Amino acid sequence: MSFTIKHGLFKYDLSDHHAVLGIPINSDSKQVRKQYLKIARSLHPDMVKGKSDEEKKQANEILSKLVNPAYEQLSKSSSQSEYELVLKQTGKRLAGDGKIALDSDGAKQLAKAPSGSLDAAYQTAVKQLASAQYKDLGNIIATVGQLSELNMVYLLRKQGKVSGGKTPAAAGAAKAGSAAGQKPGAAGAATPPPPVEKTSPVDHYIQRAQEHISKKNFAKAVLDLRDAIKLEPDNSTSHALLGMTYLRQNQATMAKVHITKAIASNSQDPLVVQAKQALERVTGQKLEPKAAASGGKKDNRDEKKGGLFGMFGGAKKK
């Protein structure tokens, strides 16, 4: 059975694990586990009695190759935090793209939902699709694609790039018309298109690194992020992502070096805050402000004396 999905976030080389599980992108760990167990039961051999051997094979493949990897990614706090960073950066990247087209009616309706009821409309739309997502093996992939479109629109709306009833494609058309000196149509006259965000020279490397991270090609992600840091040594996003990547490779010392640099560069950046929290969960220690400001130099000397064990609650020297 082919698992090729060409809708929503999947079109941008991002595996949408939330769409696979049929849950909103802001779901907590309890929701993730509850939904996974529900899906796993529905695809279990005991639950597909009376089905053909081919259908049983399909159910097993869907569980092992699609559902289980998604749950593995979202059930671990470190990988979930990293994935949230990738989602946010993807939302920012797509926000400036005026060529995004929507296929499903649900995504188009969500794009037009009033801002005040966006969250409720999104939750309801996801719930409706997910309720029948795994009841028909033949429709699972199509439903995952529709859910991913909802997730994509929600990310864009949260960036403030889709509002006032416009789809991303309509916003892009209005933007293009303004650039050419043409008057926008009636639909675009009420709300002017948002300004295009300035991009940094390192964005290309960060974007490529995110794609590698989503595919678990951490070694390649490290290389791209190192190149990004060469161009902008104080780029907080590059350091935060590189730190998270090192955490996934169980290289806590290197992770700490880059996360402390990210904090020193921009401690208020949500991506940096998440990276800091992920590091503290792994090490079991709070990252003190002084250590962060110094780039972690003091802690690095301690680690050289005590190895990695010094980061996991070892004896403290007075």
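Is Asn 250 buried or exposed? Exposed, with a relative accessible area of 67%. That is a value from a predicted model. Keep that in mind throughout.

Let me stay with Asn 250 for a moment. This residue sits in the loop between α12 and α13. Why flag that? Because most residues other than glycine have a negative phi.

Gln 249 counts as partly exposed, at 26% relative accessibility. Now look across to Ala 219. The C-alpha atoms of Gln 249 and Ala 219 are separated by 8.8 Å. Along the chain, the two residues are 30 apart.

There is another positive phi to show you. Asp 13 has phi near 60°, again in a residue other than glycine. Asp 13 belongs to the segment before α1 (17-21). Its relative accessible area is 43%, so Asp 13 is partly exposed.

Next, aromatics. How many aromatic pairs does a search of the whole structure find? Two.

Take Tyr 36 and Tyr 71. Their ring centres are 4.0 Å apart and the planes meet at 10°, so this pair is stacked. It links distant parts of the chain, with Tyr 36 in helix α2 (residues 29-43) and Tyr 71 in helix α3, 35 residues apart. Tyr 36 and Tyr 71 are buried.

Now Tyr 122 and Tyr 154. Their ring centres are 4.0 Å apart, with planes at 10°, so this pair is stacked. Again, distant parts of the chain are linked: Tyr 122 is in helix α6 (residues 118-131), Tyr 154 in helix α7 (residues 140-158), and they are 32 residues apart. Tyr 122 and Tyr 154 are both buried.

On to charges. Side chains of opposite charge can pair when their charged atoms come close. Searching the whole structure gives five salt bridges.

Lys 158 pairs with Asp 119, and the closest N and O atoms are 3.3 Å apart. Lys 158 lies in helix α7 and Asp 119 in helix α6, so the bridge ties together parts that are 39 residues apart in sequence. Lys 158 is partly exposed, with a relative accessible area of 47%. Asp 119 is partly exposed as well, at 35%.

Next, Asp 224 and Arg 208. Their side chains meet in a salt bridge at 2.7 Å, N to O. Asp 224 is in helix α11 (residues 218-231) and Arg 208 in helix α10 (residues 203-214), 16 residues apart. Which of these is buried? Asp 224, at 6% relative accessibility. Under 20% is the cut-off for buried. Arg 208 is partly exposed, with a relative accessible area of 33%.

There is also a network. Lys 276, Glu 280 and Lys 286 are joined by salt bridges that share partners.

One more bridge: Glu 72 with Lys 76, where the closest N and O atoms are 3.9 Å apart. The cut-off is 4 Å. Glu 72 is partly exposed, with a relative accessible area of 38%. Lys 76 counts as partly exposed too, at 44%.

Now the surface patches. Which residues form the positive one? Lys 34, Lys 38, Arg 41, Lys 127 and Lys 135. Helix α2 supplies the largest share, three residues. Lys 34 has its place in α2. At 66% relative accessibility, Lys 34 counts as exposed.

And the negative patch? Asp 53, Glu 54, Glu 55 and Asp 136 form it. Asp 53 belongs to helix α3 (residues 53-75). Its relative accessible area is 65%, so Asp 53 is exposed.

Last, the loop between α12 and α13, where Asn 250 has its place. That is where we started.

Definitions and conventions. Residues numbered from 1 in each chain as written. Predicted model: local features only at pLDDT ≥ 70, side-chain atom pairs only at ≥ 80, totals over all residues. Heavy atoms only, no water. Patch = residues over 30% accessible without salt bridge, like charges linked within 9 Å, V, L, I, M, F, W, Y side chains within 5 Å. Areas by Shrake-Rupley, 256 points an atom, 1.4 Å probe, with all protein chains shown as cover. Lys, Arg positive; Asp, Glu negative; His and termini not counted. Charge placed at Lys NZ, Arg CZ, Asp CG, Glu CD. Helix = DSSP H or I, 4+ residues; strand = E, 2+ residues; numbered from the N terminus. Buried < 20%, exposed > 50% of the residue type's maximum accessible area, 1.4 Å probe, protein only. Phe/Tyr/Trp six-rings, centres within 6.5 Å; stacked < 30°, edge-to-face > 60°.
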